[in-house]
2 protein chains.
Amino acid sequence: MNSKIERLIKQFARLPRLGTRAGQRIVLALLQDKTGRAENLANALLDAAATIRPCPICGILTDADMPMCEFCRDTARCNGQLCIVRDLSDVWTLEKSAVFHGRYHILGGLLSGVSGITPGDLNISNLPERIKNENISEIIFALPNTVEGKTTQHYVMSVIGDVVGLRFSELASGVPLGGDLDYLDDGTLSLAFDGRRGL
Amino acid sequence: MNSKIERLIKQFARLPRLGTRAGQRIVLALLQDKTGRAENLANALLDAAATIRPCPICGILTDADMPMCEFCRDTARCNGQLCIVRDLSDVWTLEKSAVFHGRYHILGGLLSGVSGITPGDLNISNLPERIKNENISEIIFALPNTVEGKTTQHYVMSVIGDVVGLRFSELASGVPLGGDLDYLDDGTLSLAFDGRRGL
């Protein structure tokens, strides 16, 4: 195989959710396209890499020529609620469902002994200041319902400490909408039982 | 969502085997990476798009500064066998298994009424000349075992016509290695019966 093509396939294959076969298909589609798709994609990527950076306040990727992101600029979003998420993709998911109208804080990962992710790798240190500056009254944890998610949640709570009037909450656990009990794992079932609501 | 990021995600989402969710994951991974992965990928893509083109003889993607690809340059490959495939990825698959040592001819697609692919879209016209120039004695069709594959095969045979001493063959159909009859479709089973071998 041509060495340039081979190297390009390897670079694509290392991207999340891809592998060698998918990388081959993608590289073939791009290089065989006669409408300049490869150049367009490459230039869009270069442009974004040069002009996008994380918002210094919340960590959402935004234009580098703006002092902060669209969420932190939007005063209507300053409603006292701060939703803590792992990743920007979680923000996109929550925004699509339009369930939350406050501000976000992106940790950029979860504490993990296995992957060697320590508190220093996460966007936590400016949280106490944010809570004061933006008059936050409720912290909502929307982290994955996993050991890493819960560990990170406890750690973040310990960093924030006791602030008068500050409430903490987390997303409810239980049976998903349309979820069949047959297909539910024991852990979720047990959480759904523990959290059962009176009628 | 930032419009630049949105556009980049859409471009990735349109690539083969990807969708919006995979596009989001990939764009996030690239833009959040601090080792210059986005720039490296973009530059490798620009470089390949500028310097790679199909071999004028067989259609395999190769360096534009070479008159022909490595297969067409390799005289040891000129053994009288020509394998006709749909796509460069089929060449890679065949090369990996090292079952074929002749030359390839890439059609660049299959005839399809549904997708509107006509003979003019395929790399067929120079085939009769190739057969003469390279002293081909056997044409091996390694096209998908589908209606489109068979239609294309018949069409290519009609274009080549009767050449004295030229044999045609196609890959065998049947039960795959390790294949369980339970999981086999009726079509394959019927082909395997029709093509049964005496012991």
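## Basis and symmetry

Copies are superposed by least squares on the C-alpha atoms of residues with pLDDT of at least 70 in both. On that basis, chain A is superposed on chain B by a rotation of 180° with 0.0 Å of shift along its axis, at an RMSD of 0.0 Å. The two copies are thus related as by a two-fold rotation axis. In chain A, the C-alpha nearest the axis belongs to A:Ala42, at 2.1 Å from it.

This is a predicted model, in which local features need pLDDT of at least 70 and side-chain atom pairs count only at pLDDT 80 or more, while totals for chains, interfaces and linings use all residues. Residues are numbered from 1 along each chain as its sequence is written, chains are lettered from A in the order in which they are written, and side-chain values use heavy atoms, with hydrogens and water left out.

## Interface

Contact (heavy atoms within 4.5 Å) takes 48 residues from chain A and 48 residues from chain B. Of the interface residues of chain A, 100% are also interface residues in chain B, so the copies meet through the same surface.

Chain A and chain B bury about 4,800 Å² between them, 67% of it on carbon and sulfur atoms; buried area is the accessible area (1.4 Å probe) that two parts lose on being put together, summed over both. A:Arg25, A:Leu45 and A:Trp92 supply 15% of the area that chain A buries against chain B, more than any other three residues. There are 4 salt bridges between chain A and chain B, each a side-chain nitrogen of Lys or Arg within 4 Å of a carboxyl oxygen of Asp or Glu. B:Lys4 and A:Asp47 form a salt bridge at 3.8 Å, N to O.

## Helix H3 of chain A

Helices (H or I, at least four residues) and strands (E, at least two) are DSSP runs, numbered from the N terminus. H3(A) spans residues 37-51. Its buried residues (under 20% relative accessible area, 1.4 Å probe, protein chains only; exposed is over 50%, partly exposed in between) are A:Ala38, A:Leu41, A:Ala42, A:Leu45, A:Ala48 and A:Ala49. They cover an arc of only 130° around the axis, which puts them on the same side of H3(A); the arc is that of the directions from the helix axis to the C-beta atoms. These residues pack against H2 and E1 of chain A, together with H1, H2 and H3 of chain B.

## Helix H7 of chain A

In H7(A), A:Gly149, A:Thr152, A:Gln153, A:Val156 and A:Ile160 are buried. Seen down the axis, the buried residues of H7(A) fall within an arc of 105°, so they line one face of the helix. On the other side, A:Val147, A:His154 and A:Ser158 are exposed.

Definitions and conventions: Expected span 1.5 Å × (residues − 1).
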